[in-house]
Amino acid sequence: MLYKALLRPLLFLRDPEKTHEQTLALLSRLSFLEKTLEQFFSIEDQRLQVRLNSLTFPNPVGLAGGFDKNAVAVKTLPGFGFGFIEIGAVTALPQRGNPKPRLYRLPKDRALINRLGFNNEGAEAIAGRLGAMRRNGHFPKIPLGINIGRSKIVETKDAVADFLSAFAKLYFHGDFFTLNVSSPNTPNLRDLQEKNLLKELLAAIQESNRALAKEARTKEKPILVKIAPDMEFSQVNEIIEVVESEKVAGIIATNATAFLRESLVSEMNEPGGLSGKPLRDKATSFIRHIYRESRGRLPIVGVGGIFTAEDAYDKIKAGATAVQIYTGFIYEGPAAVKRINRGLLRLMERDGFKRISEVVGAQAPACPRWI
Ligand SMILES: Cc1cc2nc3c(=O)[nH]c(=O)nc-3n(C[C@H](O)[C@H](O)[C@H](O)COP(=O)(O)O)c2cc1C
């Protein structure tokens with residue numbers, strides 16, 4: 001309440017990217033408040049626990065990639081009640097991203113447009129930061145995912161080596177990895193969603209995953225592929241096929257959209273990725289399609305336009321094992337995750353579900369293909 005009535009109007013008067021940077025800087029200094037934040041913003045309830053591959057999330061609501069690109073606030077962010085967080089996108093090489101301004105708010109649409117272009121400090125610096133946090137006991141207790149993107153100056157033909165380089169540098173710091181082949185803001189990145197290129201990338205990452213796990217005497221890390229909402233379902237089917245054949249842990253659906261501008265109320269036609277409410281139903285339709293096509297066997301992390309418990313519940317019913325938010329967190333504020341988790345419990349009770357895992361795919365029965 002306080003956030004929406006007082007703080008948000010003030011924050012929204014200021015430049016979006018500067019406000020974001022300053023908020024992250026503040027959060028990075030507030031790590032000692034993690035426990036206090038937790039008391040305000042977290043709820044613990046066994047019924048919300050979900051498993052994704054070898055990972056256990058205390059609740060199904062995670063922070064989406066792009067919010068904390070440089071992993072500066074990973075100790076504080078779990079205090080807002082997330083079940084897991086994803087940092088990045090990290091690229092092998094440090095890069096500044098696109099010229100500013102490159103982030104826009106569309107309050108009438110409850111949306112954002114960004115064309116940041118993977119501005120980040122690079123894999124080495126971020127691995128160093130995460131390593132120091134681990135040594136100092138400042139590592140989050142919830143699972144931490146690392147989102148990896150392609151460096152801008154690297155051509156598609158060299159993309160696999162670029163991904164491998166970032167993956168190896170960050171390997172020991174992530175509980176899972178997201179291969180981001182779907183940002184609309186890095187030229188030709190989305191080419192990697194093409195069947196043959198994706199297969200080459202996934203095969204190489206999995207080989208490296210096996211080798212690095214052996215070296216460290218740990219289990220292999222779950223790999224997720226994050227896809228765009230801007231493609232036909234026939235291409236999604238090809239991605240599912242490759243993901244299954246390379247034994248990748250799952251799919252994150254979806255990234256921001258480069259299209260959908262016709263649905264906007266705001267007079268804004270900036271190029272970049274549109275996120276938030278206008279993306280919600282499209283992302284859910286992708287989740288439902290993947291769940292059905294993979295016959296419920298492929299874990300899906302659902303993301304796109306989640307603001308309320310109902311939004312999250314719809315994605316879980318469509319087949320998502322877990323969900324993530326970004327734009328909803330900006331608009332709804334620090335209590336967003338708690339509200340969503342509380343609401344999920346209420347909706348589960350209403351519908352007679354004992355655990356959130358029972359809700360997964362409840363509204364998208366994974367029919368055998370021949371029916
Ligand atoms: C400012 C901004 C930066 C983002 N950066 C990344 C990124 O680096 N990597 C990524 O995979 N997704 C990134 N995303 C996409 C989000 O993770 C998410 O997939 C998308 O915004 C849809 O979710 P939402 O509607 O809850 O925001 C970014 C989104 C925004 C708004």
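Figure 1. Alanine 89 belongs to strand E4, where strands (E, at least two residues) and helices (H or I, at least four) are DSSP runs numbered from the N terminus. The model is predicted: local features need pLDDT of at least 70, side-chain atom pairs count only at pLDDT 80 or more, and totals for chains, interfaces and linings use all residues. Residue numbers start from 1 along each chain as its sequence is written, and side-chain values use heavy atoms, with hydrogens and water left out.

**Figure 2. The cis peptide bond between alanine 253 and threonine 254.** Here omega is about 10° for the bond that joins alanine 253 to threonine 254. Threonine 254 is placed in the loop that runs between strand E10 (250–253) and E11.

**Figure 3. The shell of residues around the ligand.** The ligand is surrounded by 25 residues, and the closest are Gly65, Asn147, Lys226, Gly305 and Thr327; a residue counts if one of its heavy atoms lies within 4 Å. By class, the shell holds ten nonpolar, 13 polar and two charged residues, with Gly counted as polar and Asp, Glu, Lys and Arg as charged.

Figure 4. In the side chain of asparagine 147, a polar atom stands 2.7 Å from a ligand oxygen. For lysine 69, the separation between a polar side-chain atom and an oxygen of the ligand is 2.9 Å. The side chain of asparagine 180 places an N or O atom 3.0 Å from an oxygen atom of the ligand. The ligand on its own exposes 610 Å², and 98% of this area is buried by the protein, as computed by the Shrake-Rupley method with a 1.4 Å probe. Strand E4 (84–90), strand E6 (111–114) and strand E11 (273–276) are the elements that contribute two or more residues to the shell.

Figure 5. Although it is not a glycine, asparagine 53 has a positive phi of about 60°. Asparagine 53 sits in the loop between strand E1 (50–52) and strand E2 (55–57). Asparagine 53 is classed as partly exposed because its relative accessible area is 45%; under 20% is buried, over 50% exposed, and partly exposed lies in between. Lysine 247, likewise a residue other than glycine, has a positive phi near 55°. The loop between helix H7 (233–245) and E10 contains lysine 247. With 68% relative accessibility, lysine 247 is therefore counted as exposed.

**Figure 6. Alanine 166 in helix H5, viewed together with isoleucine 325.** Helix H5 (residues 159–170) contains alanine 166. Alanine 166 counts as buried because its relative accessible area is 0%. Along the chain, alanine 166 and isoleucine 325 are 159 residues apart, and 24 Å separates their C-alpha atoms.

**Figure 7. Proline 78 and serine 42.** Proline 78 is located in the loop between strand E3 (61–63) and E4. The relative accessibility of proline 78 is 7%, so this residue is counted as buried. From C-alpha to C-alpha, proline 78 is 8.6 Å from serine 42, with 36 residues of sequence separation.

Terms used:
A polar contact is a pair of N or O atoms within 3.5 Å; within protein, one must be able to donate a hydrogen and the other to accept it, and residues adjacent in sequence count only if both atoms are side-chain atoms. Buried means under 20% relative accessible area, exposed over 50%, partly exposed in between (1.4 Å probe, protein chains only).
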